[in-house]
Amino acid sequence: MAKYSLSILLLFMSFLHAHILDIPTRDGVSERIMFRESPAAKAAVILFAGGHGGIQLKQDGTFGWGEGNFLMRTRELFVDAHLTVVIVDAPSDRQREPYLNGFRQSKEHVQDIQNVIDWVKTKTNVPIWLVGTSRGTQSVAYAATHGIQGVSGFVLTSTILSDPKSDAVPQMPLEKISMPVLVVHHANDGCVHCSPSLIDTLMKKVPFAELIMIQGGKSQGDPCMAYAYHGFNGVESETLSKIADWIIAH
């Protein structure tokens, strides 16, 4: 019982230090974010969840969906590693199905992201990185190849490597990226869209990319969901430590 009480207390304390804000991004549209500043921050990370991306952030800091997503559930590990965290919801005009599905590769999405970056720059002078997981990598890679400014680089975790419905990340014009890119993938990712056998296709297209392959952990449920190898289940701390160290070193 004490274990669960401590977990709840730590989660509550994180809410106390998190700010939920609505950032105007387009005419009549705003982007709700969670801003969690890290003491002595060395960089800031803007995090993009996978799936449909509509995490439905509430004013009290709770999630309507997706809190178990790899990047969402590990946000405090980023903070502990001296990285300020910004979590991005779907914009106000995409707060119902299909949320970000069909929207991640659009100029409006890039505009929303750019306005969030510009707002973060008014709050901190540390380098800013875009970090996506699973379908969040399509948001990050599309922004990276379509003129996003004000960031120091990009991190792609559990990258979408094949997709019959939209451009997978390797199908984007990745040769346009002139900033560092970190690719983090689980060696046993069983998701049909993220086969490790396709990683070379991605790495050959990105000029300034490095790859970290993660081993171990455990896989539970759907292989494309957050508690499978796809979501680095059981190796979260190791994975976050490697990401944070790489970001700070660059």
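Is His-185 buried or exposed? His-185 is buried, with a relative accessible area of 0%. The model described here is predicted.

## Surroundings of His-185

His-185 belongs to strand 7, which covers residues 181-186. Leaving aside residues up to four places away in sequence, His-185 touches Ser-158, Thr-159, Leu-161, Cys-194, Ser-195, Pro-196, Ile-199, Ile-212, Met-213, Ile-214 and Phe-232.

Ser-158 sits in the loop between strand 6 (153-157) and strand 7, and Phe-232 sits in the loop between strand 8 (209-214) and helix 7.

## Aromatic pairs

The model has three aromatic pairs. One of them joins Phe-70 and Phe-232: the ring centres are 4.7 Å apart and the planes stand at 50°, so the pair is tilted. Phe-70 is in helix 2 (residues 70-73), and 162 residues separate Phe-70 from Phe-232 in the chain. Phe-70 is buried at a relative accessible area of 1%, and Phe-232 is buried at 0%.

Another pair is formed by Trp-129 and Trp-246. Their ring centres are 5.6 Å apart with the planes at 75°; an angle over 60 degrees counts as edge-to-face, so the Trp-129 and Trp-246 pair is edge-to-face. Trp-129 lies in strand 5 (residues 128-133) and Trp-246 in helix 7, so the contact ties together parts 117 residues apart in sequence. Trp-129 has 1% relative accessibility and counts as buried; Trp-246, at 8%, also counts as buried.

## Helix 7

Helix 7 has 14 residues, 236-249. At 1.5 Å a residue this helix should span 20 Å, and its end C-alpha atoms are 20 Å apart, which agrees. Its buried residues are Glu-236, Thr-239, Leu-240, Ile-243, Ala-244, Trp-246 and Ile-247. These residues cover an arc of only 165° around the axis, which puts them on the same side of helix 7.

What does the face turned away from the buried side of helix 7 carry? That face carries the exposed residues Asp-245 and Ala-249.

## The hairpin of strands 1 and 2

Strand 1 (residues 18-26) and strand 2 (residues 29-36) run antiparallel and are joined by eight bridges. Within this pairing, Pro-24 stands opposite Ser-30 of strand 2. The two strands form a hairpin with two residues between them. Gly-28, in the turn, has a positive phi of about 75°.

## Backbone features in loops

Ser-134 has a phi of about 55°; Ser-134 is in the loop between strand 5 and helix 5 (136-144). Its relative accessible area is 11%, and a value under 20% counts as buried, so Ser-134 is buried. Ser-158, a contact of His-185, has a positive phi near 50°. The relative accessible area of Ser-158 is 0%, and this residue is buried.

Which peptide bond is cis, with omega near 10°? The bond from Glu-97 to Pro-98 has this geometry. Pro-98 is found in the loop between strand 4 (83-91) and helix 4 (107-123).

Definitions and conventions:
Residues are numbered from 1 along each chain as its sequence is written. This is a predicted model: local features need pLDDT of at least 70, side-chain atom pairs count only at pLDDT 80 or more; totals for chains, interfaces and linings use all residues. Side-chain values use heavy atoms; hydrogens and water are left out. Helices (H or I, at least four residues) and strands (E, at least two) are DSSP runs, numbered from the N terminus. The expected span of a helix is 1.5 Å times one less than its number of residues. Buried means under 20% relative accessible area, exposed over 50%, partly exposed in between (1.4 Å probe, protein chains only). The arc is that of the directions from the helix axis to the C-beta atoms. Two strands pair if DSSP finds at least two bridges between them. Contact means heavy atoms within 4.5 Å. Rings of Phe, Tyr and Trp (its six-membered ring) pair if their centres lie within 6.5 Å; planes under 30 degrees apart count as stacked, over 60 as edge-to-face and the rest as tilted.
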